[in-house]
Amino acid sequence: MKIGVVSCSGEDCLGGTISRLATRKMLDEIYPEETVTICLPLFLAGGVEERGFAQNFPTISVDGCDKYCAKRATEKYSGKVSDAVMVADIIGKEAAESGPLSTKNLTAEHREMVDKVAMEIKKKFEAVLKSSSAGKKLNSGCGCGCGCGC
Amino acid sequence: MAKSYAVLPCNGLDKSAGCIAREIALRIAEQPENELLCPVFYRVSDARYNKTASEKPLLVIDGCSTRCASKLAAEKGLKIAGKVTVTEEAKKRRVTPGKSLRLGESELALAAAIAEELLREEEQVERPKEDRFAGIVYDYAVYTKDKFIFRVPRGGFYFNENDCWVYIVGNVARVGVTDYVQQSLSDIMFFTPPEVGAEVEQFGELGTIESGKAVFEVVSPVSGRVISINEELLAAPELINENPYEKGWIAELELLDPESDREFLLDFEQYFEVLKKKVDEFHV
Amino acid sequence: MSEETFMGVPRERIDWYPRIDYTKCNYCLECAKFCPHNVYEVREDEEKKLVVKNPENCVVFCRACGKTCGPDAISFPDKAETTRRIKEIRKEMEGNG
Amino acid sequence: MSKKIMVIPCSGMGKVLGLVAREAALKVATELCPGEAQTVCLAYIVTGDQEAREKIEGADCLPIDGCPKLCAAKNAEMAGGIIKREFRAVDIFKEHKGAKPGDATALTEEGWRMVDELADRVKDAVKELVREG
């Protein structure tokens, strides 16, 4: 079973950049085998398969600022999130709302922020993993409607 | 009524086939009412030719199988009324053009013959080109892994273990790749078509498609002679990602040995099992 | 369909796997990184750092790793010949079956 | 001059194409055309908030998408933006066959060169729109 991690786009502020990078860190390094992501705007631009994302996977949203775009858009178009991470609560509102950052200009300080947020995602992730693997089995079967249960 | 045409040749100045293409274009353009589009100028400036190109039926003349002129026409969104590729025409006529960029007698004769035929064919066009594959009914079975969806069409489609499909109507086969290929490659950015007219054996190469991840060789499920390729893929190979069974088909072949091909084809049930196994084992 | 068959023929009877031309190979290892089927093995301590370890894992008629090879050191058997051979084996098997 | 031109990159979480789109947008808005263009956060547009809609409704938009799914263009249009031109990182990739641009987390030098090329094209479009008024 896999868990979805959905980040905001993060175009308006540093919190968004950190949110994206922390999400990538989950996908690339921390739990590469257990995580999937989706581009948030695909809920609208994509098809049924994309909109079904949060129904198929327990999903954690990661937002940079208190607009909570990732959480709200996921819940509006796809399904309820299992938990939500707010970057501003972790690195401070002021830092989070400063200007957006190119990955070219990442400093050690920024990387530290990314790590902190990633750890928070990890914590929530493990909690979600525990509770949902105890629950129903998700997203199995081939969906071909043949009832083969494969 | 003598019709008037817009002629778009390639400008292959570095190959004799390109020079022949240019010669054919000149011959057609010399007829009254016809107009020549310069591909080099067209690339930098839309304004000059857009009107002509949209009003007159367009004849596209390519020198070699790189098909620069066809690609240009596709990029500009033009509808092609008629087209030839010099290397293929030469093969058909069993002529081997010389290497020299200056046209000799036989090259000029070839150019004249191709030009004449192209005009004659177009005179009697108007016959709408019927699409013999228009009647396909698409009914997909779906296998899901994570967020990836793999569709496999039922009914009439056959497959090989190299994840290519074939749909046969009469003596003609349409060929493409399956969702497994398109999902594995991710964003497909390049399509190198097979040469029209070429004979391909079963499991032979039918062009390649390429993404940032890899190059995939289309492995022909049947043996045959390539009679057409999906021109739209030249400008928009992403159609393969959107749906490799419908708008993303690769090529059409005239079958050479359907009986013996059959032996090596999988039907829907067989391929669906192969696909599920591959997805479970390898797909990341 | 069992694991080790291709078109109904036991995989080990089909001669299809990459041949490395060691005079051309520059050990960039792109092919090994690319192939998801563990056909290749990298041996850091040996002179031939790259070997075809599991030829039978190679997908029959797949030549994708060859297209990652800059120096063009990878080749495959002739496809038509291989197809012919597979057909023969199938006939034999039917005869015995 | 009324509103600034909206440069809207896709979210691009999943692929290097998206990261190139995003970095190009950022470069246009902060380095190349800070006076004429601004970025808009696509996720915010997607929420459908009134405030987000007002920001983009009737504005000239230059969506920069990574892949042919065109999230940015489609969502900007749904929110009432006027799409002046569409850019796709994948088109730059097509011009650099075989290049290794990096991944969705970090770009290589080649990846950054593509960012520069894409940003230049967007910049040209911004300048052209400004000239047209």
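1. B:Ile188 stands opposite B:Ser211, a residue of strand S12 of chain B. The model is a predicted one. The two strands concerned, S10(B) and S12(B), the latter covering residues 205-211, are antiparallel and share four bridges.

2. This pair belongs to an open sheet of three strands in chain B, ordered S10-S12-S13 and paired in the antiparallel sense. Its edges are formed by S10 (188-192) and S13 (215-219) of chain B, each of which pairs on one side only. On average, and with direction ignored, neighbouring strands of the sheet are turned by 25 degrees against each other.

3. Elsewhere in chain B, strand S8 (residues 164-169) runs antiparallel to S9(B), and six bridges join them. B:Val169 is found opposite B:Val172 of S9(B). The two strands make a hairpin with two residues between them, and in the turn B:Gly170 has a positive phi of about 60 degrees.

4. S9(B) also pairs with strand S15 (residues 251-255) of chain B, again in the antiparallel sense, over four bridges. Here B:Arg174 stands opposite B:Glu252 of S15(B). Of the six residues of S9(B), which spans 172-177, five are buried, so the strand is largely enclosed by the rest of the structure.

5. How is chain B divided into domains? Domain 1 covers 6-123 and domain 2 covers 140-282. The C-alpha centres of these two domains of chain B are 31 Å apart.

6. The contact between the domains of chain B involves 10 residues of domain 1 and seven residues of domain 2. On the domain 1 side, helix H4 (68-75) and helix H5 (86-92) of chain B each supply at least two residues. H4(B) gives the largest share of that side, four residues. By class, the domain 1 side that touches domain 2 in chain B has six charged, three polar and one nonpolar residues.

7. In chain D, strand S1 (residues 5-9) has five of its five residues buried, so it is largely enclosed by the rest of the structure. In a regular strand, side chains alternate between the two faces of the sheet. Both faces of S1(D) are covered: D:Ile5, D:Val7 and D:Pro9 are buried on one side, and D:Met6 and D:Ile8 are buried on the other.

8. S1(D) pairs in the parallel sense with strand S2 (residues 37-39) of chain D, over three bridges. D:Val7, one of the buried residues of S1(D), has D:Thr39 in S2(D) as its bridge partner.

9. Is helix H1 (residues 16-32) of chain D largely enclosed or largely open? It is largely enclosed by the rest of the structure, because 14 of its 17 residues are buried. As for its length, 17 residues at 1.5 Å a residue should span 24 Å, and the end C-alpha atoms of H1(D) lie 22 Å apart, which agrees.

10. The contact between chains A and D takes 29 residues from chain A and 28 residues from chain D. On the side of chain A that touches chain D, the elements giving two or more residues are helix H1 (14-30), helix H2 (42-45) and helix H5 (69-77) of chain A. H1(A) accounts for the largest share, five residues. By class, this side of chain A has 13 nonpolar, nine polar and seven charged residues.

Terms used
Residues are numbered from 1 along each chain as its sequence is written. Chains are lettered from A and ligands numbered from 1 in the order in which they are written. This is a predicted model: local features need pLDDT of at least 70, side-chain atom pairs count only at pLDDT 80 or more; totals for chains, interfaces and linings use all residues. Two strands pair if DSSP finds at least two bridges between them. Axes are lines fitted to C-alpha atoms, for helices over the stretch in contact, and angles run from 0 to 180 degrees between N-to-C directions. The expected span of a helix is 1.5 Å times one less than its number of residues. A residue is buried if 20 or more other C-beta atoms lie within 10 Å of its own, exposed if 12 or fewer, and partly exposed in between; C-beta atoms are placed from the backbone. Two residues are in contact if their C-beta atoms, placed from the backbone, lie within 7 Å. Ala, Val, Leu, Ile, Met, Phe, Trp, Tyr, Cys and Pro count as nonpolar, Asp, Glu, Lys and Arg as charged, and the others, Gly among them, as polar. Domain bounds come from an automatic or database domain assignment.
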